[in-house]
Amino acid sequence: MSTVQSVQSTIAKRGLVMVVTGNGKGKTTSAFGQALRAIGHGYKVCVIQFMKGRKYGEIIAAEKYIPDITIIQSGLDSFVMKDNPAPIDIDLAKQGFKKAQEIVKSKKYDLVILDEINVAVNFNLISEQEVIDLIKQKPLEVNLLLTGRYASDKIEEAADMVSDITEVKHHYNAGIKGQAGIEY
Ligand code: ATP
Ligand code: MG
């Protein structure tokens, strides 16, 4: 193989670090769209959800129809207080992050999605430096996708791709409450 070809194949195999952040709706649903696309090409996908414990529609669907996706929830189905998180919220987030570190290092998954991890860092449930270390030390071929509003500058700097979803308008502000199939 020529040097040019081998460099190209190394580049092609390098997993990306992607961040989807911002205050508009569409971060978690975008991540699951990415998961579906990846699975279509034979990727093994693992999603670790922080600060979430509810059976969202995407989890119900994945359990029923998509064996190539593994979803781990590490949170409760209750609101986490930013300035005064309950000890259980901190514990669960830390446990979820430990699992994320193991899963990324195991190389068993081609795409690892850390859903809401940006929020967990912003709420000080998980250390920003540990997330940066995970990004820097990930196996070359693993793709990482980090979601959640409030992505830190350092996490954005460490990423290959950052999308910032901006709220232009949201039906919630017109009094339309969250609905099954749209919000959860
Ligand atoms: P989705 O899960 O629908 O893709 P998201 O991941 O972008 O949304 P989060 O920031 O994780 O949104 O917010 C959690 C919940 O709040 C979701 O039910 C989401 O639909 C809803 N939500 C998202 N953005 C807004 C907004 N700008 N105003 C009100 N509710 C929102
Ligand atoms: Mg979300």
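This is a predicted model: local features need pLDDT of at least 70, side-chain atom pairs count only at pLDDT 80 or more; totals for chains, interfaces and linings use all residues.
**Stop 1: the sheet.** You will find six of them forming an open sheet, in the order S3-S2-S4-S5-S1-S6, with parallel pairing. Strands of a sheet pair through backbone hydrogen bonds, either parallel or antiparallel. To find the edges, select residues 69-74 for strand S3 and 161-164 for strand S6; each of these pairs on one side only. Now turn the view to look along the sheet: from one strand to the next, the twist averages 15°.

**Stop 2: strand S5 and its neighbours.** Next, select residues 143-147, which make up strand S5, together with residues 111-115, strand S4; the two pair in the parallel sense over four bridges. Leucine 114 has leucine 146 of S5 as its bridge partner, and isoleucine 113 is partnered by leucine 145 of S5.

**Stop 3: the side chains of S5.** Keep S5 selected and show its side chains. Are they buried or exposed? Asn143, Leu145 and Thr147 point one way, Leu144 and Leu146 point the other way, and all are buried. In a regular strand the side chains alternate between the two faces of the sheet. S5 as a whole is mostly covered, with five of its five residues buried.

**Stop 4: a helix across the sheet.** Move on to residues 57-65, helix H3. This helix lies across strand S2 (45-50) and S3, and runs at about 140° to S3. Keep H3 in view, as it comes up again at the last stop.

**Stop 5: the largest pocket.** Rolling a probe the size of a water molecule over the atoms shows where empty space is left. The largest pocket holds about 1,300 Å³ of space.

Now bring in the elements around the pocket. Helix H2 (27-40), H3 and helix H5 (117-122) each give two or more residues to the lining. H2 provides the largest share, three residues. Finally, colour the lining by residue type: 12 residues are nonpolar, 13 are polar and 11 are charged.

How values were computed
Residues are numbered from 1 along each chain as its sequence is written. Chains are lettered from A and ligands numbered from 1 in the order in which they are written. Side-chain values use heavy atoms; hydrogens and water are left out. Two strands pair if DSSP finds at least two bridges between them. Axes are lines fitted to C-alpha atoms, for helices over the stretch in contact, and angles run from 0 to 180 degrees between N-to-C directions. Contact means heavy atoms within 4.5 Å. Buried means under 20% relative accessible area, exposed over 50%, partly exposed in between (1.4 Å probe, protein chains only). On a 1 Å grid over the protein atoms alone, a cavity is a set of points where a 1.4 Å probe fits but cannot get out, and a pocket is an open set with protein on both sides within 12 Å along at least five of seven lines; lining residues have an atom within 4 Å of a point. Grid points are joined across faces, edges and corners, and a volume is the space filled by probe spheres set on the points. Ala, Val, Leu, Ile, Met, Phe, Trp, Tyr, Cys and Pro count as nonpolar, Asp, Glu, Lys and Arg as charged, and the others, Gly among them, as polar.
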